[in-house]
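I opened the model to look up a few points and kept notes as I went. The entries follow in the order I checked them.

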Amino acid sequence: MDTVRRPPTGRQYRPVRRGRWHLLTDVKRAWRAQPLRSRLALITTGLLTVGLLVSSASVTSLLHDQLVGQVDDQLRATAQAIGTQGLTALSTSRSSNNSAMPSTYYVEAQYLDGESGQMISPDTAAKYGSPVIGTLSVDEAVAQASDPKLFTVDSDQLHHQWRAIVLPINDSTSGEHIGVVAIALPLSDVMETVEKTRLVVALTDVSVILLGAMAAAYLVRRSFRTLRQIEGVAGQIASGDLSARVPVTEPPTTEVGSLQRALNTMLQQNEQAFDVQMVAQERMTRFVSDASHELRTPLAAIRGYGELYRMGGVPPERTAEVMGRIESEASRMGRLVDDLLQLARMDEGREMTMEPVDLTQIAAGALTDMMVLAPDRDCALIPLSDTDGEARPAMVLGDRDRLSQVLTNLLGNVTRHTPEGSPVEIAVGTVDRPLAPGAVRPTDRPTPSRGPVGRAHEPQGPTVVVEVRDHGPGVAKADAEKVFQRFYRADTSRNRETGGSGLGLSIVSAIVARHGGTVRMDRTPGGGATVHIELPALATAPDVTPK
């Protein structure tokens, strides 16, 4: 049995018939593919063309109607002037073809008895020809005698037309209707005037359309210059230049000017956000690298002592020493983890308990603790400007525990990095910093900086200054600019006996920055290092000393 194989009926085998719908789709696609400036120029040119064509057609049509109306008025006036008497006189010369009035008028009489007569000037006949009137109806002429209708007829010469009016002819004796008469005037001059006007208007329209198209293209291109600038700036940003900005060329009251300023603001914020992200990423990379390095050392020591003890390499008499070393390294690793967590909390911007705090009182407490831990040192709390007087209260708005930690860390650095028995002083005082133009003197509370550590703005107005001064070897100028960086230590040998993890001063800088202050490392007169801290003072802080 033979199997009949039918061709597949899938869509791919159907014949494609392109009709008007497909043509319209292609036109739409081509239109959408055009740049916006080209579309606007074409739309403007199209609207201008349509407007000129409509206005030109209206003007020429009005001119045609006006000129034809003048001819009609002239015919009506002539027919009224001739009157019934003049038309009756035509009956005396029924077959006459001679013109009694040498003018552009054409007069043709048709009588009921079948005779007819025409009057036309030879010059008029030669120039315009004679109108083809045809057979006229007496009844229609009589019916329209009160308001005769005008009509247009062709001439026996090509390209000529006549305008005619029909009136009845009355007998002079009986007054009966004996025929009709047609009075006509040529329309060639009128049509020639209209055609010339149309030609002039058409040429004018073409010129205006061409000039309008060029002007529209130029003006649209010029108006889109700002958008091309924005496009160029977008290309620069895409290539990696985040500092590119849109030139502001328009007033802010315009849409383009507002767009330019909004884009520049957005680009500036994006650049700042990208810079912050890059800084944060670099800091995170460095933080992870340094933290892993710092944690690897105590972990290696703990692992080494543990393996040594497990393998039986520790004599019984040294077991306590080995356990003590393991405990010491574990404690140091715990302190390092605590410091890292505290810095992480500072970076997150966690809220602190802000309250009025007397830094003089905090400094006195920190010095008391240090005298207990290092009784061989001479500790003193002195005023900032008068070394012979007593330090007076210096009120700030801050977190008491965090500010106490600042002074504790600084005194710990003094103990660690200066010779035993060397003195240490804490100077506290309030100064008045000049306000920047337009700045407002703080009244209720300082504005904590939530930016990168150590980048807080300089306090203005009443400012509390705290200086922790030691008389040790001091800090080199190159190191003084880096000591507040995380894990930075002037001791390049990274000896744990002569230095900590390098996070103490970073924590100090972060806490001070969160309180809206600044911190820097100076040299102590006579030798040593001085940590200079400035914090915004409360407006009610007494004894402000001008500086």
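In what order do the strands of the open sheet lie? I read the order as S2-S1-S5-S4-S3, 5 strands with antiparallel pairing. I note that this is a predicted model.

Next I looked at the edges. Strand S2 (116-120) and strand S3 (150-154) each have a single partner strand, so one side of each has no neighbour in the sheet.

Strand S4 (residues 161-170) and strand S5 (residues 177-186) run antiparallel and are joined by 9 bridges. I looked up Trp162 and found its bridge partner in S5 to be Pro186.

I turned to the annotation. The unreviewed UniProt entry places a "transmembrane region" at residues 199-220. In the model I find this stretch to be 100% helix and 0% strand. Its end C-alpha atoms are 31 Å apart.

How do helix H5 and helix H6 pack? I have H5 at residues 188-223 and H6 at residues 225-238, at an angle of about 40° and with axes 4 Å apart. Angles under 35 degrees would count as roughly parallel and 65 to 115 as roughly perpendicular; H5 and H6 are therefore oblique to each other.

Last, I listed the residues in this contact. Arg221, Arg222 and Ser223 of H5 meet Arg225, Thr226 and Arg228 of H6.

Terms used
Residues numbered from 1 in each chain as written. Predicted model: local features only at pLDDT ≥ 70, side-chain atom pairs only at ≥ 80, totals over all residues. Heavy atoms only, no water. Pairing = 2+ DSSP bridges. Helix = DSSP H or I, 4+ residues; strand = E, 2+ residues; numbered from the N terminus. UniProt positions renumbered as here; feature names shortened; annotations may be inferred. Axes fitted to C-alpha atoms, helices over the stretch in contact; angles between N-to-C directions. Parallel < 35°, antiparallel > 145°, perpendicular 65-115°, else oblique. Contact = heavy atoms within 4.5 Å.
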